[in-house]
Amino acid sequence: MNLPLKFPGLVEALPTASPQFINLYNESQPGQTQSVAQELEEGLLEPSATISPKFFYNELGSKLFEAITGLEEYYPTRTEAAIFAASYPQIAATLSESGIHHACLIDLGAGNCAKAAALIPHLQPRQYVPVDISVEFLRDAAAQVQNSFPALDIVGLGMDFSSGLVLPREVQSQERVFFYPGSSLGNFHPAEALRFLQHIADPAQGKARGLLLGIDLVKDTARLEAAYDDALGVTAAFNKNLLLNVNGLLQADFDVRQWRHVALFNAAESRIEMHLEALSELTVRWPGHARRFGAGERIHTECSYKYTVESMTALLRQAGFGQVHYWTDPQSWFAVFWAAVE
């Protein structure tokens, strides 16, 4: 049970319709040039089939990922949480030194909002903006945050921000701090990650004062692969559920029993790759199209790039951020970065 928490620094009165919720997913957005169905179809018809990892996150997929974060093998969530727990005072002081006292905290890929909920008492934001593609899951999570922080202005956004991060007017433009934990930036190819970071750092676009970023670091292959292929098979279920989501979005006829989960570390590219591999020759159909898969043929469903402190610092500076701070754990498995826009 979530009990309301009160602390100074937030707006004094409960907003009239808070939490507000604005669903921009599947609607026309600047920068979104193709429909969900078109995007899925094009990926499936490529010579080497692909499906974007953003399609993991329907309501069931979000719940499965929440379960993954509690697995023994999945170190990123607990390691990142330990870094934050040890560093909240330093993080708050660093933002204060940058002139940020009551931020608009924009939580990208917010999921269950738990990470932001732990951060809110320390940063004391004036507004909290959780953003996620899993609309109904986010709606419920935002309501839980409102229960815990009744005086906080919350504007939830159902949005595919990978297609264009254009925020509505309900999001305050002052003291914007983008919060992107969980190493989700690693799902972007490095060139795409650079463009995404440049958008945030550009005062004319993101209007950000800074970015608080969680990044998984390079480590031994066995530990990396175990984190994406757990003994209980929860990650396998998460990966296969993507096919069920595609069935609903594309009216396709994937049978999850015909596929197996594959996770491997590509050292040359410094990335974990997840695939779905056909167990036998099969054909998948959807309106107007069909795709034949041979036995052993794969659909590439996710890349998760791993960085070093040095390579991520260089990428942030290349994107246009000024001062960069970071905090890490004793094993240097994970890092939290603060990158200021100057």
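Figure 1. Ala191 is a residue of helix 6, shown here in a predicted model. With a relative accessible area of 35%, Ala191 is classed as partly exposed. Leu315 is 124 residues away from Ala191 along the chain, and the C-alpha atoms of the two residues are 9.7 Å apart.

**Figure 2. Packing of helix 6 against helix 9.** Helix 6 spans residues 190–201 and helix 9 spans residues 309–319; their axes come within 8 Å and cross at roughly 50°. That angle makes helix 6 oblique to helix 9. The crossing of helix 6 and helix 9 is right-handed. On the side of helix 6, the contact is formed by Pro190, Ala193, Leu194, Leu197, Gln198 and Ala201. Helix 9 contributes Leu315, Leu316, Gln318 and Ala319. Sorted by class, the contact of helix 6 with helix 9 holds eight nonpolar and two polar residues, with no charged residues.

Figure 3. Once neighbours within four places in sequence are left aside, Leu185 is in contact with Tyr180, Ala193, Phe196, Leu197, Leu213, Ile215 and Met312. In soluble globular proteins, nonpolar side chains tend to be buried together.

**Figure 4. Packing of helix 1 against helix 8.** The axes of helix 1 (residues 36–45) and helix 8 (residues 234–250) come within 10 Å, with a crossing angle of roughly 125°. Helix 1 and helix 8 are therefore oblique to each other. Their crossing is left-handed. Val36, Ala37, Leu40, Glu41 and Leu44 of helix 1 meet Val246, Leu249 and Leu250 of helix 8. The residues of this contact of helix 1 with helix 8 comprise seven nonpolar, no polar and one charged.

Figure 5. Ser134 has 3% relative accessibility and so counts as buried. Apart from neighbours within four places in sequence, Ser134 is in contact with Tyr57, Asn58, Glu59 and Ser62.

**Figure 6. Glu175, a loop residue with positive phi.** Glu175 is in the loop between strand 4 (153–158) and strand 5 (176–180). Phi of Glu175 is near 55°, which is a positive value in a residue other than glycine. Glu175 counts as buried because its relative accessibility is 17%, and the cut-off for buried is under 20%.

**Figure 7. Ser332, a loop residue with positive phi.** The loop between strand 12 (324–328) and strand 13 (334–340) contains Ser332. Ser332, a residue other than glycine, has a positive phi near 55°. A relative accessible area of 38% places Ser332 in the partly exposed class.

Definitions and conventions
Residues are numbered from 1 along each chain as its sequence is written. This is a predicted model: local features need pLDDT of at least 70, side-chain atom pairs count only at pLDDT 80 or more; totals for chains, interfaces and linings use all residues. Side-chain values use heavy atoms; hydrogens and water are left out. Axes are lines fitted to C-alpha atoms, for helices over the stretch in contact, and angles run from 0 to 180 degrees between N-to-C directions. Helices (H or I, at least four residues) and strands (E, at least two) are DSSP runs, numbered from the N terminus. Angles under 35 degrees count as roughly parallel, over 145 as roughly antiparallel, 65 to 115 as roughly perpendicular and the rest as oblique. A crossing is left-handed if the near helix is turned anticlockwise from the far one by less than a right angle, and right-handed if clockwise. Contact means heavy atoms within 4.5 Å. Ala, Val, Leu, Ile, Met, Phe, Trp, Tyr, Cys and Pro count as nonpolar, Asp, Glu, Lys and Arg as charged, and the others, Gly among them, as polar. Buried means under 20% relative accessible area, exposed over 50%, partly exposed in between (1.4 Å probe, protein chains only).
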